[in-house]
Amino acid sequence: MSQTTSTARRRRGPTEEQEPGSARAGRNRRFGLEKQRSLTGWIFLLPAALLILWMNFWPMLQAFILSMKTGRGTRLEFAEPLWFNYERLLNDEIFKLTVGNTLLYLLVQVPIMLVLALVLANLLNDPKLRFRGLWRTAIFLPCAVSLVSYSLVFRTMFANDGFVNDLLLGLGFVDAPINWLGETDTARFVIILGLLWRWTGYNMVFYLAALQNIDYSSLEAARIDGAGSFKTFWYVTIPQLRPMILLTAIMSTNGTIQLFDESWNLTQGGPAYTSMTMSHYLFELSFQKNPNFGYGAAISYVILIMVAILAAIQLKVGDKRD
Amino acid sequence: MNVWKKLTSLAVLVPLGIALSACGGSGDEGNDGGEGSGADGAGTLTVWAWDPAFNIYAMDEAAKIYQQENPDVTVEVVETPWDDLQTKLTTLAQSQEFEELPDIFLMQNNAFQKNVINYPDLFSDYSDSEVDFSEFPAGVVAYSTFEDVNYGVPFDNGTAITALRTDVLEEAGYTVEDFTDITWDEFIANGEDILAKTGQPLLSGQAGSSDLMMMMLQSAGASLFDAEGNPTIVDNEALKEAIDIYARLVDSGVFVEVNSWDEYIGTLVNSNVAGTIQGVWILGSIQTAEDQAGNWGITNLPKMEGLDGATHYSANGGSSWAISSNADVELAQDFLASTFAGSSELYDTILPSSGALANWLPAGESDVYGEPQEFFGDEAIFSKVLEFAAEVPSNNTGAYYYEGRDAVSAALTQILDGADVDTALAEAQSNVEFAMS
Amino acid sequence: MTRSQLRKVPGYAFLTVAAIVSVFPLYFMVVSATNTSNDVLDSRLLPGTALFDNLGSLLGQQDVVSAMWYSTIQAVGTTVLALFVCSIAGYGFEVFHSKGKDRLMAFLLLAMMIPFAAIMIPLFQMFADYGMVNSSLAVILPAISTPFLVLLFRQAARTFPHEIVEAARLDGLSEVNIYLRIFLPTMRSTLAAAAVITFMTAWNNFLWPKVILVNNNYQTMPMLISNLRAGYVTDYGVLMLAVLLASLPTMIIFLVLQRAFAEGITGAIK
């Protein structure tokens with residue numbers, strides 16, 4: 001319908017366009033109504049669309065221009081060649097390390113989290129389950145805590161003389177306190193644990209919601225056919241949840257690639273950059289060291305491209321199974 | 001149509017209302033970098049500093065002293081942690097928003113060159129001021145001097161000390177004398193003995209922090225950079241020696257690594273370690289543990305034997321007051337010249353309570369320095385530190401000090417994990433060169 | 001125990017473990033807020049008596065009331081504006097559906113991929129040009145319109161019967177009135193879900209306020225907490241109390257709205 005409208009609009013030309021209130025022939029009046037409606041629609045979208053353009057795309061465009069400049073502080077000039085900063089990335093060992101760290105978080109944490117969330121959602125979806133509200137509230141509650149807050153709680157718990165070490169020592173699992181945040185492997189482990197703690201419940205709520213919309217008769221049919229609960233879950237529930245799994249996978253990938261707060265507040269990227277994420281490195285390059293904003297902007301574009309590629313791959317894989 | 005009008009007016013009014021009611025700042029309060037008239041000694045000075053127990057306290061005391069002569073001047077200190085302060089300076093300079101700067105801000109000495117070189121627009125210089133920079137140690141003034149122009153009044157003194165728990169030492173049969181004028185080998189031997197006898201390690205520090213190593217380097221007049229600012233991480237004998245000592249400290253258990261600065265302070269105040277090697281400002285934190293009063297003593301640093309220029313003296317930290325480009329320059333200069341660069345009374349007040357040791361040399365003649373300190377076994381520790389301060393070798397920091405320090409920290413972590421020293425240092429050097437390119 | 005009851009044991013066990021793991025750090029936070037710093041480090045897990053001492057020293061160190069005020073203003077302002085802007089857009093996309101609008105939506109969705117760290121500097125520069133440094137509005141504006149919320153409302157509008165719109169039009173109701181009087185009231189649970197998500201995100205926002213609120217007199221709760229541990233000595237009891245205070249509003253909002261929240265998410269993804 002609106003295509004007709006836009007064709008009509010194009011045919012009519014600019015002079016008429018400027019007099020929307022003028023009287024028109026009957027045929028035109030109907031188009032006029034359509035047009036007016038379509039226009040109202042556009043006006044409805046306008047605030048949201050303009051804000052996104054203004055607050056996201058416009059700065060991103062400026063960041064792109066910035067990514068082609070070099071120089072420290074405010075003495076910025078266009079680089080020679082323009083892609084100099086991008087070339088520079090290829091030789092930056094610390095950057096490669098942060099890419100590795102980020103991908104590690106992504107590959108380890110996201111699948112574990114989504115599987116956990118799925119299993120929990122499936123358990124909670126059982127109408128005969130007792131205390132459903134209690135379980136759901138308990139598991140979702142971590143999401144209400146801010147990233148800064150939970151990072152500080154985790155830091156306190158994983159301190160050398162903190163709760164976790166006291167517990168492990170008390171139970172006799174270790175002989176000496178573990179320097180959780182001071183060793184590469186344990187620091188990464190704590191970050192992953194923190195992410196799992198904070199976000200599993202969040203994803204679970206999305207799965208729970210999707211489960212409400214599942215065709216109940218298909219579950220019944222499977223049960224009558226004698227499929228066990230695992231088989232039902234795997235062959236009946238999961239396929240119907242696929243769109244939601246895809247959405248949460250994309251959202252989590254997105255969030256993890258851009259991860260900043262945990263790296264910043266929990267481990268400060270240490271030891272020796274081995275738990276630092278890309279966003280944190282970008283922040284450090286821009287604000288804490290000799291400010292190199294052009295280079296930082298180039299990193300931000302790499303993050304953007306990685307997110308886009310991963311989302312595209314997930315969409316492709318998600319579609320194929322349909 | 002009526003509803004449309006309502007909606008549009010709502011869309012305009014709601015944000016506007018919020019803007020008016022809540023955003024304290026865009027117009028009026030934003031210019032707290034006071035443009036008050038400085039000539040007649042009235043106005044407000046806004047200051048950014050980070051430690052309520054130390055530099056903020058000192059600034060408040062300075063304000064009181066200045067107000068005796070200039071009752072119309074108010075000083076408003078905004079607590080701003082150092083990392084945060086650096087971020088704010090960068091953001092403001094990058095966007096050329098100098099109106100948001102305070103009049104005076106405190107800056108880490110090690111970061112001074114970097115900021116002056118990258119963002120000269122942030123600073124007002126001291127060339128027309130009454131501050132007599134010859135009344136400060138030349139090595140300290142150098143941090144905030146660029147191309148012969150002064151940009152900072154040195155505040156606290158980062159002279160390094162070895163602070164020790166005398167009660168623990170006694171238990172193992174040692175005294176502070178046994179740790180005075182010794183070498184690192186002796187220090188480690190004593191430390192192992194004390195650890196065996198009392199179960200207490202001598203030192204603690206943040207894992208992956210290179211503070212201690214940097215102090216060792218400076219004690220031998222060495223640095224990570226040469227006079228031209230080029231990195232000298234590879235083939236740096238002093239650095240290799242410092243890494244070796246550090247590794248031996250950690251391996252022997254004499255030095256215990258913790259996760260964070262908080263935990264480091266915690267090991268001191270909770271009596272988990274028997275001492276520390278740090279800038280003298282650490283005394284402020286140590287004195288918060290009131291139950292340890294009378295059980296602390298201080299002495300100089302162990303020496304890196306066999307190195308040219310090795311001494312028992314070094315420094316860590318220290319900061320200077322900068323005047324911003326948005327300041328009421330005249331008033332700010334007058335304020336600093338008559339307090340931090342001209343008032344013995346100020347230093348007499350802040351020294352005993354916070355351990356803020358002056359860089360301003362005339363303050364050293366004050367009697368307060370010679371007074372015995374009850375917390376430190378009735379010893380006149382501050383005159384002792386002043387003696388140390390005079391002996392500290394100068395070193396090169398340059399604009400890329402933090403890059404160098406972090407690269408060496410990373411190398412240190414790798415080396416402790418078993419990496420080859422030369423390989424790790426070569427990598428650190430190339431990372432610094434990369435960051436500088 | 002019957003067989004079917006027995007089969008449920010692993011499920012309950014798993015849920016119990018998950019719930020304990022989820023709640024324990026929160027319990028630790030609450031309990032630690034009532035203990036002294038040393039007790040926290042000694043892993044005392046019972047409520048202590050230091051709550052009021054901690055509160056006194058927190059209020060003495062930091063202007064908690066002001067930080068709470070700025071956090072509240074910003075979170076409420078963001079939520080109100082976001083609900084309005086995004087719901088009307090979601091409605092517009094669905095009810096006035098067209099190819100052009102679909103393309104616009106796809107384009108806007110790209111904004112989800114933009115890392116915030118990347119646009120921070122240009123964004124700061126922009127607000128600085130408007131003279132809006134230190135302004136709460138500068139914190140609110142970038143958070144109002146998010147592709148995620150628009151999408152949520154568009155999906156929810158999909159379940160809204162088109163016939164009602166047509167009928168209302170025949171009754172002579174204007175498009176805005178249809179949205180306000182007919183659409184919005186049916187969207188209560190979606191609005192609740194969107195409100196919970198937006199309020200939480202806005203309340204917990206850290207990086208952007210840290211950058212744009214240059215003067216620490218205008219700091220928000222997350223900034224205040226982050227600054228608490230930046231002094232030379234951290235009092236863990238006080239820190240945990242501050243963390244608790246900062247978490248209370250979001251937890252209360254979630255607990256109050258949780259039923260509507262779950263329904264809203266469910267309704268939106270049909």
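Student: Let me pick a residue: is B:Asp378 buried or exposed?

Tutor: B:Asp378 is exposed, because 11 other C-beta atoms lie within 10 Å. The cut-offs, with C-beta atoms placed from the backbone, are 20 or more other C-beta atoms within 10 Å for buried, 12 or fewer for exposed, and partly exposed in between. This is a predicted model, in which local features need pLDDT of at least 70 and side-chain atom pairs pLDDT 80 or more, while totals for chains, interfaces and linings use all residues. Residues are numbered from 1 along each chain as its sequence is written, with chains lettered from A and ligands numbered from 1 in the order written.

Student: Where does B:Asp378 lie?

Tutor: B:Asp378 is in the loop between helix H13 (344–354) and helix H14 (381–391) of chain B. Helices here are DSSP runs of H or I with at least four residues, strands are E runs of at least two, and both are numbered from the N terminus. B:Asp378 has a positive phi, near 60 degrees, in a residue other than glycine.

Student: And what is the phi of A:Gln268?

Tutor: About 50 degrees, a positive value although A:Gln268 is not a glycine. A:Gln268 sits in a chain A loop, between helix H12 (261–267) and helix H13 (278–288). A:Gln268 is buried, with 21 other C-beta atoms within 10 Å.

Student: Changing topic: where is A:Trp180?

Tutor: In chain A, A:Trp180 belongs to the loop between helix H8 (163–171) and H9. A:Trp180 counts as buried because it has 24 C-beta neighbours inside 10 Å.

Student: Which residues is A:Trp180 in contact with?

Tutor: Leaving aside neighbours within four places in sequence, A:Trp180 is in contact with A:Phe158, A:Val164, A:Thr186, A:Ala187 and A:Val190. Contact means that the C-beta atoms of two residues, placed from the backbone, lie within 7 Å. As for A:Met157, its C-alpha is 10.0 Å from that of A:Trp180, and 23 residues separate the two in sequence.

Student: Back to chain B. What domains does the assignment give?

Tutor: Domain 1 of chain B is 36–158 + 317–365, and domain 2 is 160–316 + 394–436. Such bounds come from an automatic or database domain assignment. The C-alpha centres of these two domains of chain B are 29 Å apart.

Student: How many residues are in contact there?

Tutor: In chain B, 18 residues of domain 1 are in contact with 14 residues of domain 2. On the domain 1 side, helix H4 (109–118) and helix H5 (138–143) of chain B each give two or more residues. H4(B) gives the most to that side, with 5 residues. By class, that side of domain 1 of chain B has 7 nonpolar, 9 polar and 2 charged residues. Ala, Val, Leu, Ile, Met, Phe, Trp, Tyr, Cys and Pro count as nonpolar, Asp, Glu, Lys and Arg as charged, and the others, Gly among them, as polar.

Student: What about chain C, how many helices and strands?

Tutor: Chain C comes to 15 helices and 0 strands. Its C-alpha atoms fill a box of roughly 70 × 70 × 30 Å along the principal axes. Of the 270 residues in chain C, 56% are buried. Among contacts in chain C with a separation of 6 or more, 81% link residues 24 or more positions apart.

Student: How many residues of chain C and chain A take part in their contact?

Tutor: Chain C gives 72 residues and chain A gives 69. The chain C side that touches chain A divides into 54 nonpolar, 13 polar and 5 charged residues.
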